[in-house]
Amino acid sequence: MSSPVEPANDTHATSGTGRSVRFRVSRFKRGDRKPHYQDYAVEVAPGTTVLDALTAIRRDQDPTLILRHSCYHASCGTCGMRVNDTEVLACVTEVAGLDGGTVKVDPIANQRLVADLVTDMVDFYDKFTAVDQPLVRDSDAIPAATVPPGVPGFTRFENCIECGLCLSACPIVATDPRYLGPAGLAAAQRVLEEPREADAFSVLRLTDDPQAAWRCHLAFECTAVCPSNVDPAGAIMFLRRRLASDRVKSIFGSGRRP
Amino acid sequence: MIVGGGGTGGALAHDLALRGLRITLVERGEITSGTTGRHHGLLHSGARYAVKDRESAVECIEENRILRTIAPGSFELNDGLFVALTDEEADYEKLFFESCEASQIPARRVSRAEALRLEPNLNPDLRCAVQVPDGTMDAMRLPLRFFATARRNGADIRPFTEVVGMSMTTPKRVDGVQVVDRASGRRYDIGADLVVNAAGPWGEKIARMGGVDVPIQPSPGILVAVRGRFANMVINRLHASGDGDIVVPQRELSVIGTSSWVTDDPDHLAVPADHVEAMFREGSAMIPSLRGATMRASWSAARPLIGERGASTGRELSRTFKCFDHEAEDGVSGFITIAGGKATTLRAMAEATADMVCRKLGVDRPCATRNTELLPHTAYYA
């Protein structure tokens, strides 16, 4: 099947398809007072994603447009943005699946804007690394599978891809930057669920704070936009139950915390 | 001065920073936005190359071992299975197994029954299998560890900084690069004792700015990610090499790869419908339930292979890497190109290039990357 020339049946095509879509893209450069929108027309095929369209704009129409992207399959988390005011990964958002008309593209919210669609992720990582969650988990192997000789036990990467969509969608983060936020709290829940070498007590203490597990207003926006099945809202509920039950235990002296 | 923020550029910045050099790295987009982030995420054992390309195989297993020590916690270390489905493939198993042994790749013969115990989703008609130390890497987060460590050691990493030309005092001397900071629109020059072109499949374009030609052939391949882990181990087809012969589990996804063609424009990669269909067809030959899997994404990545123009499929081009000293080869000083290679061998590519850089600059410091543990990827954002 290896073709000598680039094949024509491109499911992600951005030209020659006859179906043109208008993209309204947020633009900002260092020194600008505030962002403004700029419109571009891009032809799309059934499989063309928002990321395909944006990189086609950069390639064919406007080399000054910048955005973050890397893996193209919802695994790295760099292309998180707001498309028609909803937090998504551009690489797995097909233009054909969006509701008609113009496609509006903005950077994720609640992070410092660098330029165009690029935000500085330092604040996200400050909160995320408050809990030292390992990248790899030991659980969740295919249950019927035997571990082969020479392999200590099956492992796999954690679900969280550090995209920042949950922080962008969270109504509390929008009003109070001190809030630890859904990604950090979800990481804490994972560490408590599977502690490995981590110090579970210090993780629990970190979450037992008015700016941590108790700050959430149960909007569930984080879980709604998470592209990787992390369920931060569920994790926050888990933490609250755990903290509450530990308090009961400590009041009645039926166990040491945690 | 390094042009290109992929795995090679990151590993090179790390190597040279450890040797005490002052490094600036520029990248047109975000770090790892080219080929690096887009590959299937396989930590090669080298077994794929053992029969036909001993040199690549030996290089892979050596680097596989080193990466496990310097980047702990960055891999799904679940090993890999090469699975023979046909009589012809079962016959090939002997040569394959012996070639692994000859390449120092720890390989273990696995019977049909055991293979099905290890991986219950495999095609029950499989003939036999071989276990090798393949693994899954995070295609972005492993290279990020090199960038994070390089930055901690003083390297100046500048993403969204596009090279638009070379600064040349004479047509035979590169003195630095002309860049545009895409975050502000500012155009400026960066002077350098030596410019290293590590732009992967874009390397030919960068080389031309310096007035030299390098035989880099961008060779795209398609990848398909489906929802669900259909295996714990990396599953490979036990045959010479072909399309759709690998399934790499990663997070809650399984990535099926790949195909191969050649192109002149790495910025314009198609995702051909028939290639997508082939990934499902060939992938499900090894794991039948992949046929009904839900597709999460399909995309293409361009390998930066070294070869002559006129190659048709990319499969005949070399997978190993090469450093081009443009002073010796083309009479243009202050300029070298690193081309080819694979994600698994990024550190080795960097070592060879850094050796050349040090020779040219008269710096006498040995490589220290084999034994230096890398910072976690999150440190890049600190």
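Because the model is predicted, local features need pLDDT of at least 70 and side-chain atom pairs count only at pLDDT 80 or more, while totals for chains, interfaces and linings use all residues. Residues are numbered from 1 along each chain as its sequence is written, and chains are lettered from A and ligands numbered from 1 in the order in which they are written.

Along its principal axes, the C-alpha trace of chain B spans about 65 × 40 × 40 Å. Of the 382 residues of chain B, 62% count as buried; a residue is buried if 20 or more other C-beta atoms lie within 10 Å of its own, exposed if 12 or fewer, and partly exposed in between, with C-beta atoms placed from the backbone. Among contacts in chain B between residues at least 6 apart in sequence, 74% join residues at least 24 apart, two residues being in contact if their C-beta atoms, placed from the backbone, lie within 7 Å.

Helix packing comes next. Two packed helices are described by the angle between their axes and the distance between the axes. Here, axes are lines fitted to C-alpha atoms, for helices over the stretch in contact, and angles run from 0 to 180 degrees between N-to-C directions. In chain B, the axes of α1 (residues 7-18) and α5 (residues 141-152) come within 8 Å and cross at roughly 35 degrees. This crossing of α1(B) and α5(B) is left-handed, a term for a near helix turned anticlockwise from the far one by less than a right angle, right-handed being clockwise. On the α1(B) side, the residues that meet α5(B) include B:G10, B:A11 and B:H14, and their partners include B:F146 and B:F147. By class, this contact has seven nonpolar, four polar and no charged residues; Ala, Val, Leu, Ile, Met, Phe, Trp, Tyr, Cys and Pro count as nonpolar, Asp, Glu, Lys and Arg as charged, and the others, Gly among them, as polar.

Helix α1(B) also packs on α9(B) (residues 346-361), at an angle of about 55 degrees with the axes 8 Å apart. The two helices are therefore oblique to each other, given that angles under 35 degrees count as roughly parallel, over 145 as roughly antiparallel, 65 to 115 as roughly perpendicular and the rest as oblique. The crossing of α1(B) and α9(B) is right-handed, and its residues divide into eight nonpolar, four polar and three charged. B:A11 lies in α1(B) and is buried, with 31 other C-beta atoms within 10 Å. Not counting residues up to four places away in sequence, B:A11 touches B:F146, B:L346, B:R347, B:M349 and B:A350.

In chain A, the axes of α5 (residues 182-193) and α8 (residues 232-251) come within 8 Å and cross at roughly 60 degrees. The crossing of α5(A) and α8(A) is left-handed, and the contact has eleven nonpolar, one polar and one charged residues.

Some backbone details also deserve a look. Most residues other than glycine have a negative phi, and most peptide bonds are trans. The peptide bond from B:G257 to B:T258 is cis, with omega near -15 degrees, and B:T258 sits in the loop between β17 and α7 of chain B. B:T32, not a glycine, has a positive phi of about 60 degrees and counts as buried, with 29 C-beta neighbours inside 10 Å. A:N229, also not a glycine, has a positive phi of about 55 degrees, but A:N229 is exposed, with 11 other C-beta atoms within 10 Å.

Conventions. Helices (H or I, at least four residues) and strands (E, at least two) are DSSP runs, numbered from the N terminus.
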